[in-house]
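Colleague: I am new to this structure and would like to know what stands behind the terms used for it. Please take me through them one at a time.

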Amino acid sequence: MRSKYARWLREGLVWLLIALAAVLVMDQFRKPALPPTFISTALQTLDGESVDLAQRSDDRPLVVYVWATWCGVCRYTTPSVAKMAEDGQNVITVALRSGDDAALNRWLAKKHYAMPTVNDPQGQLARRWQVQVTPTVMIVSRGEVKSITTGYTSGWGIKLRLWWAGL
């Protein structure tokens, strides 16, 4: 009986490692090839705040979260990012092809999300950054991109990446 459970545990760990390897490989294929000008990209939030990614990432790591209102996976990731912003974490979000400023503001209000958001209504910023998958989470520390992941990421996964970037 005991060997049966040990075998199940061993097989479960093997499958977990295979899944982790698959996720890491997929991230490598899907992650954007950011241009050298990424860190100096001039951004402005819906509230009119100018954002300097390099400066914003000097004191503590910054989450740059590219998402969309129409993205199915984002509906699971965005609440975690919004909560992080609400809790005072260093977060900037980019809404990809999610309508004009008024429509995006209405959507954010409806969801009760108060996170600094840059609108990219035609996807020009995403094209420049070569972001092809939503959501995409980038961790920037001291003006340098430390981590990029695409697809579903848990709030804990983002926090772990922030912690790692801060070392």
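**Terms and values**

Modeller: The protein has six helices and seven strands. Numbering starts from 1 along each chain as its sequence is written, and side-chain values use heavy atoms, with hydrogens and water left out. The model is predicted: local features need pLDDT of at least 70, side-chain atom pairs count only at pLDDT 80 or more, and totals for chains, interfaces and linings use all residues.

Colleague: What makes a stretch a helix or a strand?

Modeller: Both are DSSP runs, numbered from the N terminus: a helix is H or I over at least four residues, a strand is E over at least two. From the N terminus on, the elements run α-β-β-α-β-α-β-α-β-α-β-β-α. The C-alpha trace spans about 65 × 35 × 30 Å along its principal axes.

Colleague: Why is S147 called buried?

Modeller: Buried means under 20% relative accessible area, exposed means over 50%, and partly exposed lies in between, with a 1.4 Å probe and protein chains only. S147 has a relative accessibility of 17%, so it counts as buried. S147 lies in strand β7 (residues 144-150). Buried residues make up 41% of the 167 residues in the protein.

Colleague: Which residues does S147 touch?

Modeller: Leaving out residues up to four places away in sequence, S147 touches V137, M138, I139 and R161. A contact means heavy atoms within 4.5 Å. Among contacts between residues at least 6 apart in sequence, 71% join residues at least 24 apart.

Colleague: Why is R127 called exposed?

Modeller: The relative accessible area of R127 is 53%, which is over 50%, so R127 is exposed. R127 sits in helix α5 (residues 124-129). Its C-alpha atom is separated by 24 Å from that of R142, 15 residues apart along the chain.

Colleague: What makes L20 partly exposed?

Modeller: L20 has 48% relative accessibility, and this value lies between 20% and 50%, so L20 counts as partly exposed. L20 is in helix α1 (residues 2-30).

Colleague: What makes two strands a pair, and which strands pair with β3?

Modeller: Two strands pair if DSSP finds at least two bridges between them. β3 and strand β6 (residues 136-141) have five bridges in the antiparallel sense, so they pair. V63 stands opposite I139 in β6. β3 and strand β4 (residues 91-96) also have five bridges, in the parallel sense. There, V66 stands opposite V94 in β4.

Colleague: What handedness does the crossover from β3 to β4 have?

Modeller: The chain goes from β3 through helix α3 (residues 74-86) to β4, and this β-α-β crossover is right-handed. The term applies if, with the strands pointing away from the viewer, the path from the first strand over the helix to the second runs clockwise.

Colleague: How many bridges join β6 and β7?

Modeller: β6 and β7 pair over six bridges in the antiparallel sense. The bridge partner of V137 in β7 is T149. The hairpin of β6 and β7 has two residues between the strands, and R142 takes a positive phi near 50° in it.

Colleague: Where is R97, and what is its phi?

Modeller: R97 is in the loop between β4 and α4 (101-111). R97 is not a glycine, yet its phi is positive, at about 45°. With a relative accessible area of 43%, R97 is partly exposed.

Colleague: What is found in the loop between α5 and β6?

Modeller: Q130 is in that loop, and its phi is near 60°, a positive value in a residue other than glycine. At 40% relative accessibility, Q130 counts as partly exposed. P135 is in the loop between α5 and β6 too, and the peptide bond from T134 to P135 is cis, with omega near -5°.
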